[in-house]
Amino acid sequence: MPPLPAVVLERWAHASGGAGTAIVLPDGCRDLILRREAGCRPQWLVSPLDTQARSVASARATQWLGFRLRPGVRIDSAALLAAARHVPEGEESALLPHIDQHAVLDPRVADALAALREAPQVAWAARALGVSPRSLERLLHSATGQPPQYWRALARVRGAAQALASGAPLAAIAASHGYADQAHFSRECLRWLGATPARLRAAPALLALACAPGYGAGG
């Protein structure tokens, strides 16, 4: 596989042996995905920017190949999918130049997301960037379809989920990530990740998914 374009965070693959569901958690990224389901034609798709946990069902053995794009990347989905459909089976690396062409990360958006990842409040991030909160909102809504509050809340919950692997008390994790109390942390985990912190900690596979590369955790 040639080097990945700068806008690609990682290449991933997943397979299921039969009928079932796969859990997808919000990570601040959109993915270009090839779905190969037994007995069906291969299908390329661009995933949405998730706002909550969701399940993806398959009726039979299915393979997924994906290119996870960096948070904030603006995608010309129609052009990228058109190019993907002309890539020969098994030669997915030929798609990389098209990803480079049709997926762009505006440096202003990258800077805004970096500031929001570190700031305790949206207003602090705007101040660090030297812009008004309204200007920050316009920039991010135009580029990603989501407001700064989405990005700040997602960074916080994913960062806190990553801290669950440390074994620290839940109340301490909640406090260190700016939650009012442990109950607030639990509500936000349930809202974003579909599970309480205690359940995430008790389910290593689910916790690993919550900490996968993306916005606010895993890289």
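How much space lies in the largest pocket? About 590 Å³. The model behind this value is predicted.

## The largest pocket

The lining of the largest pocket is made up of 26 residues. Trp12, Ile23, Val24, Ile33 and Arg68 lie nearest its centre. Several strands give two or more residues to this lining: strand 1 (8-16), strand 2 (20-24), strand 3 (31-37), strand 5 (54-58) and strand 6 (62-69).

By class, 15 of the lining residues are nonpolar, 3 are polar and 8 are charged.

## The second largest pocket

The second largest pocket has a volume of about 190 Å³. Its lining counts 12 residues. Nearest its centre lie Arg70, Pro71, Arg117, Gly214 and Tyr215. Helix 3 (residues 107-118) gives the largest share of this lining, 4 residues. The classes here are 7 nonpolar, 3 polar and 2 charged.

## Aromatic contacts

Tyr215 also belongs to an aromatic cluster, together with Tyr150, Trp151 and Trp192. The structure holds 4 aromatic pairs. In one of them, the ring centres of Trp151 and Tyr215 are 5.1 Å apart and the planes stand at 90°, so the pair is edge-to-face. Trp151 lies in helix 6 (residues 148-163), and Tyr215 in the segment after helix 10 (204-210), so the pair ties together parts that are 64 residues apart in sequence.

Are these two residues buried or exposed? Trp151 has 0% relative accessibility and counts as buried. Tyr215 is buried too, with a relative accessible area of 2%.

## A charge over a ring

Arg156 lies over the face of Tyr179. The distance to the ring centre is 4.1 Å.

Definitions and conventions:
Residues numbered from 1 in each chain as written. Predicted model: local features only at pLDDT ≥ 70, side-chain atom pairs only at ≥ 80, totals over all residues. Heavy atoms only, no water. Phe/Tyr/Trp six-rings, centres within 6.5 Å; stacked < 30°, edge-to-face > 60°. Buried < 20%, exposed > 50% of the residue type's maximum accessible area, 1.4 Å probe, protein only. Lys NZ or Arg CZ within 6 Å of the ring centre and 35° of its normal. 1 Å grid on protein atoms, 1.4 Å probe; cavity = no way out; pocket = protein on both sides within 12 Å on 5 of 7 lines; lining within 4 Å. Points joined across faces, edges and corners; volume = space filled by probe spheres on them. Nonpolar A, V, L, I, M, F, W, Y, C, P; charged D, E, K, R; others polar.
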